[in-house]
Amino acid sequence: MKFLVTNDDGIFAPGVQALIETLQHFGDVLVVCPDQERSAISHSITLRQPIKATPVSIFGQTVPAYAVNGTTADCVKLGLEVLCDAKPDFVFSGMNIGPNLGRDLFYSGTMAGAAESVLHHVPAVAVSINKLDEPIKLHYPKELFYGVLEVLFQRKWKPGLFLNINLPYLQKSFVKGFAVVPMDLAVTRYRYVGLNDPHGNVYYWLKDHLNQLKEEELAEESDYAKLREGYITITPIEHKRVNKKEIQRIERLFAQPQEHTGGIIQ
């Protein structure tokens with residue numbers, strides 16, 4: 001098999017090396033990653049400046065790799081349209097240091113990389129590790145993800161889906177199993193906090209409250225709760241933004257005669 005690997009932590013992030021080493025047991029790897037950290041930029045692409053893909057040899061002679069001065073979505077788009085000599089079997093985005101849960105669906109560059117792949121009709125996986133601080137022993141998540149891949153590669157995938165996978169930072173013997181769960185979009189993980197500078201001006205900074213979330217804030221059968229319990233969480237995400245069921249209802253709404261109040265639109 002052939003794999004395209006990207007991330008949003010930057011090409012020198014340790015999670016990239018861990019993902020490459022795991023995937024090499026199953027096939028050939030091409031790496032196309034941002035040249036610096038691009039976290040929380042969602043599915044943005046670069047429009048008003050040129051993109052440069054610089055070849056790098058940091059992963060050895062058997063793993064071609066490019067550092068791109070763009071976003072994660074740029075990397076996948078450029079990889080699939082230009083840099084891949086053949087269509088890959090899968091795109092993998094990660095391993096992200098820190099989990100991607102709930103509303104991260106709308107913020108995460110890691111997940112955006114997988115989503116961009118789906119737009120090109122290539123199956124994709126976003127994978128993250130439930131650990132935010134250093135140091136991190138990557139042999140734990142590598143062993144867990146190897147087991148995930150053994151299962152995933154046994155079947156064909158439905159077009160239009162990508163998987164968001166979070167790995168608990170635990171030894172395999174302590175992991176409770178797999179939990180296929182929805183993302184808990186009700187949780188507010190990142191919240192602004194105010195800070196005063198020496199001149200009395202107030203600035204606002206996003207703080208990650210992941211470790212301060214209480215159990216009663218989390219839906220029982222959701223990604224937040226199951227990951228905290230020690231499960232590998234898997235969420236299938238359908239990358240369709242148009243609600244076909246609502247088209248006719250909204251169409252009928254606007255087809256009705258509208259009452260005019262006589263107001264003037266300036």
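At what angle do helix α2 and helix α3 pack, and how far apart are their axes?

Modeller: This is a predicted model, in which local features need pLDDT of at least 70 and side-chain atom pairs count only at pLDDT 80 or more, while totals for chains, interfaces and linings use all residues. Residues are numbered from 1 along each chain as its sequence is written, and side-chain values use heavy atoms, with hydrogens and water left out.

Helix α2, residues 72-83, packs against helix α3, residues 109-119, at an angle of about 30°, and their axes lie 8 Å apart (axes are lines fitted to C-alpha atoms, for helices over the stretch in contact, and angles run from 0 to 180 degrees between N-to-C directions; helices are DSSP runs of H or I with at least four residues, strands are runs of E with at least two, and both are numbered from the N terminus). That angle makes α2 roughly parallel to α3 (under 35 degrees is roughly parallel, over 145 roughly antiparallel, 65 to 115 roughly perpendicular and the rest oblique). The crossing of α2 over α3 is right-handed, the near helix being turned clockwise from the far one by less than a right angle. On the α2 side, the residues that meet α3 are T72, A73, V76, K77 and L80, and their partners in α3 are G109, G113, E116 and S117 (contact means heavy atoms within 4.5 Å). Sorted by class, this contact of α2 with α3 holds three nonpolar, four polar and two charged residues (Ala, Val, Leu, Ile, Met, Phe, Trp, Tyr, Cys and Pro are nonpolar, Asp, Glu, Lys and Arg charged, and the others, Gly among them, polar).

Helix α1, residues 14-23, and helix α4, residues 139-152, cross at roughly 45°, and their axes come within 10 Å. The helices α1 and α4 are therefore oblique to each other, and α1 passes α4 in a right-handed crossing. From α1, the residues A18, L19, E21, T22 and L23 make the contact, and from α4 they are K142, F145, Y146 and L149. This contact of α1 with α4 divides into six nonpolar residues, one polar and two charged.

Setting aside its neighbours within four places in sequence, I97 is in contact with D9, G15, I129, K131 and I136. The C-alpha atoms of I97 and V181, which are 84 residues apart along the chain, are separated by 21 Å. Strand β5 also holds M95, and the peptide bond that joins G94 and M95 is cis, with omega about -10°.

Phi of A40 is near 60°, a positive value in a residue other than glycine.
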